[in-house]
Amino acid sequence: MAITDIADDDFSSVLTAVGPRLRALRRDRGTTLASLSEATGISLSTLSRLESGQRKPTLELLLPLAKAYGVPLDELVDAPATGDPRIHPRPFVREGRTYIPLTRQLGGLQAYKLIFPPEPSDSACGELEQRVHEGYEWLYVLAGRLRLRLGDHDLVLTAGEAAEFDTRTPHGFTSAGPEPVEVLSLFGRQGERMHVRARPRSR
């Protein structure tokens, strides 16, 4: 359903959810308000008020934001779905890694397929930057070899292996060799914990 097809009564309720979606989308893309302001020409104060819900979103503001994020306007405002449950991923690249979103919602639990580029053999065991932030992450290696540095642990996960950790622990990951790595990632920014449940054995 296109945004122009939304009834007037529904449109106001759709717009009330735009602020949190804009904030979640910006954080998801690792974009600062300053860089977004530079890309769109919208002032920092206006962007901040949009995200906090203190400024009513208009087409004049939403159109450049949709262009900057590379998403349709319908997706930016979370227009009502047509009933089609299929996800139509729109990949983006950050720090050389390809992120393929596997969920529609920008808040709460997020699912991604990540593709890490190959690393030169002489750098696969070198220093690896670690970061800390709120949340909880679960990783499953689909193909290749993933180097995971978690706290004092320096591990290599191969296809079929999984790991989960609190992202407040210093962590970083990259390809462990000269081939790309494909990873399934589930991440909860508020600290939701993911669980893997094995199928019960038949008796």
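Modeller: Start with α3 and α4: α3 passes α4 in a right-handed crossing. Right-handed means that the near helix is turned clockwise from the far one by less than a right angle, and left-handed means anticlockwise. Helices here are DSSP runs of H or I with at least four residues, numbered from the N terminus.

A word on the source: this is a predicted model, where local features need pLDDT of at least 70, side-chain atom pairs need 80 or more, and totals for chains, interfaces and linings use all residues. Residues are numbered from 1 along each chain as its sequence is written, and side-chain values use heavy atoms, without hydrogens and water.

Back to the pair. The axes of α3 and α4 come within 9 Å and cross at roughly 115°. That makes α3 roughly perpendicular to α4. Axes are lines fitted to C-alpha atoms over the stretch in contact, with angles from 0 to 180 degrees between N-to-C directions. Under 35 degrees counts as roughly parallel, over 145 as roughly antiparallel, 65 to 115 as roughly perpendicular, and the rest as oblique.

Which residues touch? From α3 come Leu33, Ala34, Leu36 and Ser37, and they meet Leu44, Leu47, Ser48 and Glu51 of α4. Contact means heavy atoms within 4.5 Å. By class, this contact has five nonpolar, two polar and one charged residues. Ala, Val, Leu, Ile, Met, Phe, Trp, Tyr, Cys and Pro count as nonpolar, Asp, Glu, Lys and Arg as charged, and the others, Gly among them, as polar.

The structure has one cavity of 30 Å³ or more. A cavity is a set of points on a 1 Å grid over the protein atoms alone where a 1.4 Å probe fits but cannot get out, and lining residues have an atom within 4 Å of a point. The largest cavity has a volume of about 40 Å³, which is the space filled by probe spheres set on points joined across faces, edges and corners.

Its lining is Leu22, Leu33, Leu36, Leu47, Leu50, Glu51, Leu65 and Tyr69. The largest share, three residues, is from α4.

Definitions and conventions: On a 1 Å grid over the protein atoms alone, a cavity is a set of points where a 1.4 Å probe fits but cannot get out, and a pocket is an open set with protein on both sides within 12 Å along at least five of seven lines; lining residues have an atom within 4 Å of a point. Helices (H or I, at least four residues) and strands (E, at least two) are DSSP runs, numbered from the N terminus.
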